[in-house]
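I opened this notebook to keep track of what I looked up, one entry at a time.

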Amino acid sequence: MAIFWWLTNLSRYLHQEKTEVSMKAPSIKDSTRDKRREFVLNEWRCLLSCEMCGKCSILRGRDEERLYADYIEGRREYLEITLELRNN
């Protein structure tokens, strides 16, 4: 039973990863605040597969909306903040 659950989640993870990799953050000049917020929440949603995901190790228990507040408010680009998080 546990193997079935693991394979189901792996399949779901691989499918989501494929679609997410091709997604690009909306640029500040071409998006609304709501669209940027939606992107951040979708990009950092829990995939229920901590060993394969790694998102939690980047967030370290911090709230994604707070970390990306400058992007959501249109002050800094998404990639700039992401690189800063990964380098700290």
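Entry one. I looked up Glu73 and found that it counts as partly exposed because its relative accessibility is 38%, where buried means under 20% relative accessible area, exposed over 50%, and partly exposed in between (1.4 Å probe, protein chains only). I noted that this is a predicted model, in which local features need pLDDT of at least 70 and side-chain atom pairs count only at pLDDT 80 or more, while totals for chains, interfaces and linings use all residues. Residues are numbered from 1 along each chain as its sequence is written, and side-chain values use heavy atoms, with hydrogens and water left out.

Entry two. I found a salt bridge between the side chains of Glu73 and Arg33, at 2.8 Å from N to O; the term asks for a side-chain nitrogen of Lys or Arg within 4 Å of a carboxyl oxygen of Asp or Glu. Glu73 sits in the loop between helix 6 (69-72) and helix 7 (78-87) and Arg33 in helix 2 (residues 33-43), so the pair ties together parts 40 residues apart in sequence. Helices here are DSSP runs (H or I, at least four residues), numbered from the N terminus.

Entry three. I then saw that the side chains of Glu65 and Arg37 also meet in a salt bridge (2.7 Å, N to O). This pair links Glu65 in helix 5 with Arg37 in helix 2, 28 residues apart.

Which place does Arg60 have? I located Arg60 in the loop between helix 4 (55-59) and helix 5 (64-67), and its phi is positive, about 50 degrees, although Arg60 is not a glycine.

Technical notes: Helix = DSSP H or I, 4+ residues; strand = E, 2+ residues; numbered from the N terminus.
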